[in-house]
Amino acid sequence: MIKIRKQSIIVLSIFFVCALKYYLINILNVIPQYGSTSRLISWLVILPLTIIGIILSIIVIIEALKNIKERFLYLIIIMPFILYFIYFFIWK
């Protein structure tokens, strides 16, 4: 099993990839927002990464709650991804 530190860093990396995709496509318009390339990136890259990020976030939360004093930092590291997920998939 992967250590909790590596899992939380993977989740943070997934957040950066998702944020980079949003910034490049929706803000800078490097790729047309409603084009086929944007949809392809969203379905083949962002959706699987988001599912992996959710699974790893749940694992990190469960493991961190077992020993909250020593593993509080790992909860802080995954917070950007959790906020990203809530904003884009639940709130919007």
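Trainee: Why is R71 called partly exposed?

Mentor: Buried means under 20% relative accessible area and exposed over 50%, with partly exposed in between (1.4 Å probe, protein chains only). R71 has 26% relative accessibility, so it counts as partly exposed. Bear in mind that this is a predicted model, where local features need pLDDT of at least 70 and side-chain atom pairs count only at pLDDT 80 or more, while totals for chains, interfaces and linings use all residues. Residues are numbered from 1 along each chain as its sequence is written, and side-chain values use heavy atoms, with hydrogens and water left out.

Trainee: What makes E63 and R71 a salt bridge?

Mentor: The term asks for a side-chain nitrogen of Lys or Arg within 4 Å of a carboxyl oxygen of Asp or Glu. The closest N and O atoms of E63 and R71 are 3.7 Å apart, so the pair qualifies as a salt bridge.

Trainee: Which residue forms a salt bridge with K66?

Mentor: That is E63, at 3.3 Å from N to O. K66 and E63 both lie in helix α2, three residues apart, about one turn of the helix; a helix here is a DSSP run (H or I, at least four residues), numbered from the N terminus.

Trainee: Is K66 buried or exposed?

Mentor: Its relative accessible area is 61%, so K66 is exposed. E63, at 28%, is partly exposed.

Trainee: What makes a nonpolar core, and which residues touch the most other members of the largest one?

Mentor: A nonpolar core is a set of buried Ala, Val, Leu, Ile, Met, Phe, Trp, Tyr and Cys residues joined through side-chain atoms within 4.5 Å. The largest has 14 residues, and I4, V11, C18, V60, I78, F81 and Y84 touch the most other members. Helices α1, α2 and α3 each give two or more residues to this core.

Trainee: Which residues is I78 in contact with, beyond its neighbours within four places in sequence?

Mentor: They are S8, V11, S57, V60 and I61, where contact means heavy atoms within 4.5 Å.
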